[in-house]
Amino acid sequence: MAEERLILEMGMGNDLYGMDYTKAAKRAIQDALHHSSIVMFKSLGISHEEMRVQVTIGVQEPDKLDIAALTAELPRGRAEVTGVKGGLNVDDPDNDQTHVIATAAIEAYVQMEPDKWKLSDS
């Protein structure tokens, strides 16, 4: 059996006044999760526990992310969260603020037997 990616969802979140990368990342994760409904697992008889979930968070300072808190945001599967340099900081010098924007990519993988699946001919 091979591990196959079945789902890719993306989201964006921000923290406008606290410069909190974890808060912005949590919002990006929730944004991505709210774009998906994983009904295929029930339809195919696959348990959510069989799913490996890989989350990549992009922020300007990934070392400031609380990875454990972000992992706790994932409701299903075996979650792995990684922070990378990305996202965006928007400086507002007139108000002495930096607004933080985080991006999230959530990928879901399951073990599949590739020869049992094919695209329909119709």
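## His 99 and its surroundings

In this predicted model, the side chain of His 99 reaches the backbone oxygen of Leu 16 at 2.4 Å. His 99 is found in strand S5. Is His 99 buried or exposed? Its relative accessible area is 16%. The cut-off for buried is under 20%, so His 99 counts as buried.

## Helix H1

Helix H1 covers residues 21-33, which makes 13 residues. From its first C-alpha to its last, H1 reaches 18 Å. That is close to the 18 Å expected at 1.5 Å a residue.

The buried residues of H1 are Tyr 21, Thr 22, Ala 24, Ala 25, Ala 28, Ile 29 and Ala 32. They cover an arc of only 160° around the axis, so they sit on the same side of H1. What do these buried residues pack against? Four strands are on the list: S1 (2-15), S2 (52-59), S4 (88-92) and S5 (97-112). Helix H3 (67-71) is on it too.

Look also at the start of H1. There, a side-chain oxygen of Asp 20 comes to within 3.0 Å of the backbone nitrogen of Thr 22. Thr 22 is also one of the buried residues of H1.

S2 is mostly covered. How many of its eight residues are buried? The count is seven.

S2 pairs with strand S3 (residues 78-85). The two run parallel and are joined by eight bridges. Val 53 stands opposite Ala 79 in S3.

S2 also pairs with S5, this time in the antiparallel sense. Seven bridges link S2 and S5. Ile 57 has Ala 104 in S5 as its bridge partner.

## Two positive phi values

Most residues other than glycine have a negative phi. Met 19 has a positive one, near 50°. Where is Met 19? It lies in the loop between S1 and H1. Its relative accessibility is 35%, so Met 19 counts as partly exposed.

Asp 96 also has a positive phi, near 50°, and is not a glycine. Asp 96 belongs to the loop between S4 and S5. At 70% relative accessibility, Asp 96 counts as exposed, because the cut-off for exposed is over 50%.

Methods. Residues numbered from 1 in each chain as written. Predicted model: local features only at pLDDT ≥ 70, side-chain atom pairs only at ≥ 80, totals over all residues. Heavy atoms only, no water. Expected span 1.5 Å × (residues − 1). Buried < 20%, exposed > 50% of the residue type's maximum accessible area, 1.4 Å probe, protein only. Arc of directions from axis to C-beta. Contact = heavy atoms within 4.5 Å. Polar contact = N/O pair within 3.5 Å; in protein donor to acceptor, adjacent residues only side chain to side chain. Pairing = 2+ DSSP bridges.
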